[in-house]
Structures are given as C-alpha cells and as structure tokens.
Amino acid sequence: MCSPADPPSSKGRFLLIPLALAQNFLAGGLFFGWASISSTLLLDKNGCGLTPDQVGLIFTLSTSMSFSSPLFLGLILDMHGPRLTSFLSNLIVASGLFLFSTSTSFTTYLVANLLIAAGGPGVQNSLIHLGHILPNRRALLTSCITGAFSLSFTVYALFDYLWSEGYPWRMLFSTYGAVVFASSLASLAFYPDVSYDSVPSKPSTGAPTEFTPLTARIQPPSPEPLKVFQNSFAKQFRAPPNSYLRPNPSGALSTHRSFVLSSKALQTGDLTNVSVKDSPFWSQLFSHQFFNVLMFFTLSAFWANFTIGSVTLILSDLNVPDVGYMGREFSVITGMGVLGMPLVGYMLDKHPRQVTAVVTLLLGMGYAVSFLYSLFPLAFWMYSLHRAFLFTYFFTALPQVLGFKYFGILAGVAFLVAGVAQLGIKAVVDYGKGTCHLVDGDAGPDCDRGNWGVVLSLHWLTLAACLSLPVVDHIAQRKEAQAREAVFGTPVFGSKRPTRKKPLTPIRGGDKEEEEEEE
C-alpha cells in the first residue's frame with residue numbers, strides 16, 4: 001500500500017492494477033453477457049419464465065440505463081474521487097444481483113437488471129485513472145482495464161451452463177452478489193480519494209501529498225453524503241466551470257506545449273489559441289472535438305448493443321441450429337475480445353488515435369457483413385474485437401482531446417446521449433424480426449425471416465459514414481499543431497517539449513494537476 005512517504009510509482013500503486021482488473025471483470029460488463037441467458041434462463045418456465053417481449057423491453061431499458069448512469073456517477077467521481085465511486089458502483093451491482101436472485105415478477109426482474117446495468121460502467125470509469133501508473137504505456141494499461149470489462153461478458157455464459165447442469169440459478173446470482181459486495185469493500189480499503197491524473201515527482205520532505213495511510217482510507221464516507229447536493233453547480237466540478245487553464249499546483253504542466261500556448265494566449269487576450277484542454281466546461285461541452293468523439297461513440301455503441309440484444313433473434317430467424325449454445329458462444333467470444341487489448345493499446349501508444357478509430361469502424365462493418373452472410377463464428381470474433389476497440393478508443397481519445405479537467409462529467413454526458421439513443425434498439429429489433437424465432441426446431445421455408453438484411457445494411461452504412469469523423473479529427477489536430485508550431489518555432493510532431501525554469505502561474509484553475517500532454 002502507498003503511505004505518505006511513498007513515491008507515486010511505488011508498489012502501492014502497482015498493487016492496485018490486479019485489483020482493478022479483478023473488479024472490472026467481476027462487475028464492469030456483467031449485464032452485457034445478456035445473449036447467454038436471453039433465450040434460455042430468462043424464457044424457460046423453470047428459470048425466470050419471462051416472455052420474449054418482456055426480455056426485449058428489459059434489455060432496452062437496462063442498456064439505456066447503463067449508458068445514462070455514468071453522468072450521475074461521473075459527478076461523484078469528479079466531486080469525491082475514485083474510492084467512493086468504485087464503492088457505490090460495486091454496491092449497486094451487488095444489490096441488483098441479490099434482487100435478481102429473489103425476483104418473482106417482471107417488475108422486480110426489470111429493477112434488478114436496471115441496477116446491474118447502472119453500476120457496471122461506474123466500476124470501470126472509477127478505474128480509468130490508474131492508467132497513469134504507467135505513464136509511458138498509459139493506453140496499454142487502460143486497454144487492459146477495459147479488456148477486463150469485456151471479459152465479464154462470460155459470467156452469464158457460465159451461469160447459463162451451470163444452470164443447465166442443475167445448479168439453482170437463484171443460488172448462482174445470490175452467491176455472485178456476495179462476491180461483488182466484498183469487492184465494494186475492497187474499494188473502500190485500497191483506492192485513493194484523488195485520481196492519479198499524472199505521476200508527479202517524488203514529494204519533497206514535509207510537502208503535502210495525495211496519499212493517505214490505509215487506516216485513513218478505510219474510514220467510512222462522510223456522514224452527510226447529501227450535503228454535497230446543497231453546493232452550487234460550480235462545485236460539482238474538479239475545476240470551476242468557467243475557469244481557464246488546467247489545475248497545475250505542482251507545475252508539472254509548465255513544459256507541456258498546449259498549456260504554455262494557452263497561458264501565453266490568455267496573457268495576451270487571444271482566446272482563439274487557448275487549447276480546448278484549458279477551456280471552460282461549456283466551451284469543452286460544445287466544442288467540435290467533443291462532438292466528434294460523441295458522434296463516433298453514440299453511433300458505434302448503438303449498433304454494438306443492438307447486436308447483443310438481437311443476436312439470438314437473428315440466429316433463430318436465420319434458422320441457425322442450437323441457438324442457446326450459439327448465444328453462449330457469442331458471449332464467450334465477445335469476452336475474448338480481451339485478447340485484442342494489447343493490440344489496441346499498442347496502436348494508441350504508437351500511432352495517432354485516428355488509426356485506431358478507422359480500424360474500429362472497419363471491424364464493425366466487417367461483422368455486419370458477416371452476420372448478413374451467416375459467417376459464424378467469424379462474425380462473433382469481429383464483433384468481439386470491434387467492441388474491445390470501441391470502448392478502449394473512447395476512454396483514451398476523450399482525455400487525449402479534452403484532458404481530465406472535466407473528464408468525469410463529459411464522459412457522463414457522452415454516455416447519457418448514447419443511452420437515450422439506445423432506447424431505439426427495441427424499435428429496430430421489432431422492425432427486423434420475423435416469425436421463425438417463434439418456431440421450435442427447424443422452422444422450414446414457410447416462416448417469415450424478417451428484415452434483418454435491411455437492418456444489417458443500415459448498420460454497415462452508418463459505420464461507413466462514421467469514417468469521416470477520424471478524418472475531420474485529424475484535420476483539426478493538424479490545425480492546432482500548426483498553431484503551437486507558430487509559437488515555438490519547431491516541428492510539432494516528434495520534437496522535444498520546451499523546458500522552463502519557472503512554472504507558469506495558472507490564471508484560473510482548480511485543485512489538482514492535469515494529465516500528461518500527448519505528443
């Protein structure tokens with residue numbers, strides 16, 4: 001564990017990495033293993049006994065919840081840090097699992113899944129800051145953390161298998177709920193109250209640090225948690241929403257080009273050259289950089305989650321045999337997307353982020369075509385890699401473009417917009433589905449195979465249109481780089497940062513230091 005005397009790169013921080021991987025595996029993406037149980041445990045009379053329409057409605061609402069909850073949890077992350085956020089998120093998932101294990105009606109099944117879906121993203125978001133433990137391999141470590149999220153898709157596949165082997169499903173959910181609850185207690189015991197936004201130099205003697213002893217970290221949260229909501233809107237941010245410059249108490253950002261450029265621009269009154277990372281909240285929220293990331297994420301995530309909710313219907317209408325087994329195979333292969341994490345991490349560390357964006361979209365277009373022509377399990381593997389690339393790209397690109405100044409709430413806004421879009425999944429599924437999935441066994445030629453060809457073609461066209469987004473992002477990045485080059489008089493890409501003997505004094509800022517500047 002880290003003590004006040006430990007440097008930031010000591011064993012205390014590195015020991016948090018396996019804990020983060022375990023927590024994200026246990027609860028991060030648990031809900032998205034839905035395909036494993038949607039056509040078996042949820043529908044079977046010896047299981048939950050739900051109807052297909054009820055299963056579809058639960059998935060649509062829960063998916064929307066999973067993309068909306070990060071806004072609320074992001075506020076908690078910005079106000080109180082990762083320790084409380086991780087604790088609450090794991091506790092929400094554990095509560096959903098316990099409720100699911102005792103459910104007897106559609107309403108309680110719905111509420112249970114809403115809780116499981118709501119807490120998972122908070123588990124992951126509270127761990128992203130740990131990528132700074134390895135500053136030179138930040139994207140790689142972030143990809144491993146998000147990869148554990150994908151690996152959790154396999155949990156429901158294991159549940160479905162164990163249930164088919166005779167294990168009581170209520171026991172499985174309640175036992176797993178106890179494990180996740182124990183994980184929430186580990187968050188209180190081991191995580192810091194302050195995000196590791198960067199790796200500062202070793203603190204000098206007597207200087208205050210962000211580290212606190214273990215005995216201090218395991219104290220319960222504030223006895224007046226609701227008091228924070230009495231604060232002004234501005235206090236719900238790490239920095240005031242109208243502030244310029246990133247928080248820089250240690251002066252670590254004083255050699256970062258965008259920060260130096262922003263400081264010079266503010267000193268001369270030239271706001272056009274202020275980096276978006278140093279801009280006020282509303283400027284970041286309505287910036288073209290955020291809009292670009294938002295559109296990429298919203299459209300890609302819509303089709304990614306549409307696939308989870310509809311895969312068993314597509315397989316049934318296409319008359320694929322043993323849909324229950326194929327659903328489990330889909331969830332397991334989706335979880336195996338973690339195998340692609342080193343690749344996406346390497347790409348983000350070594351190449352411009354736009355390269356990863358293009359590869360992500362091509363994978364999505366590829367699995368749409370593979371589904372259309374019934375190329376299984378190739379379609380499953382391409383989907384697995386697409387999803388792994390998508391979320392890793394989002395969690396890397398957002399701070400690269402906008403920094404960590406308002407990361408929590410901006411990520412929450414992005415998830416909220418994507419969550420509202422998810423409400424359209426059921427309408428698309430209803431349009432696409434036929435009647436073959438209602439027939440047991442071989443449906444034969446007489447049933448309606450639906451409009452899945454039209455839906456999958458629309459899927460492909462949407463992602464093809466998104467290929468314009470990384471192009472626009474690259475053009476905007478070049479323009480900003482040229483502005484920095486005009487100030488510093490040296491090539492922007494691949495050159496060394498200028499050094500300064502004295503750190504710049506922030507004109508207006510917050511209370512913590514910012515992420516490292518991208519090269």
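The legends below describe an overview and several close-up views of one predicted model.

Local features in this predicted model need pLDDT of at least 70 and side-chain atom pairs count only at pLDDT 80 or more, while totals for chains, interfaces and linings use all residues. Residues are numbered from 1 along each chain as its sequence is written, and side-chain values use heavy atoms, with hydrogens and water left out.

**Overview. The protein chain has 20 helices and zero strands.** Helices (H or I, at least four residues) and strands (E, at least two) are DSSP runs, numbered from the N terminus. Of the 519 residues in the protein chain, 55% are buried, where buried means under 20% relative accessible area, exposed means over 50%, and partly exposed lies in between (1.4 Å probe, protein chains only). Contact means heavy atoms within 4.5 Å, and among contacts between residues at least 6 apart in sequence, 80% join residues at least 24 apart.

**View 1. F31 forms aromatic pairs with F32 and with F59.** The whole structure holds 39 aromatic pairs, a pair being rings of Phe, Tyr and Trp (its six-membered ring) whose centres lie within 6.5 Å, with planes under 30 degrees apart called stacked, over 60 edge-to-face and the rest tilted. The pair of F31 and F32 is edge-to-face, with 5.4 Å centre to centre and 75° between the planes, whereas F31 and F59 are stacked, with 5.7 Å centre to centre and 20° between the planes. This second pair links distant parts of the chain, since F31 lies in the loop between helix 2 (16-28) and helix 3 (52-80), while F59 lies in helix 3, 28 residues apart. F31 counts as buried because its relative accessibility is 2%, and F59 counts as buried because its relative accessibility is 2%.

**View 2. Ring pairs join aromatic residues into a cluster, including F31, F32, W34 and F59.** Other members of this cluster include F149, F297 and F415. R387 lies over the face of F32, at 4.6 Å from the ring centre; a charge sits over a ring if NZ of Lys or CZ of Arg is within 6 Å of the ring centre and within 35 degrees of the ring normal.

**View 3. The largest nonpolar core contains 115 residues.** A nonpolar core is a set of buried Ala, Val, Leu, Ile, Met, Phe, Trp, Tyr and Cys residues joined through side-chain atoms within 4.5 Å. In the largest core, L42, F290 and F297 touch the most other members. Leaving aside neighbours within four places in sequence, F290 is in contact with residues including L398, L402 and V413. A second, separate core of five residues includes L73, I76, F87 and L188.

**View 4. Helix 18 (residues 425-432) has I425, V429 and G432 as buried residues.** Seen down the axis of helix 18, the buried residues fall within an arc of 65° (taken from the directions from the helix axis to the C-beta atoms), so they line one face of the helix. These buried residues pack against helix 3, helix 12 (288-317), helix 17 (407-422) and helix 19 (452-465).

**View 5. S187 is found in helix 8 (residues 169-190).** S187 counts as buried because its relative accessible area is 0%. Not counting residues up to four places away in sequence, S187 touches Q23, R83, S86, F87 and N90.
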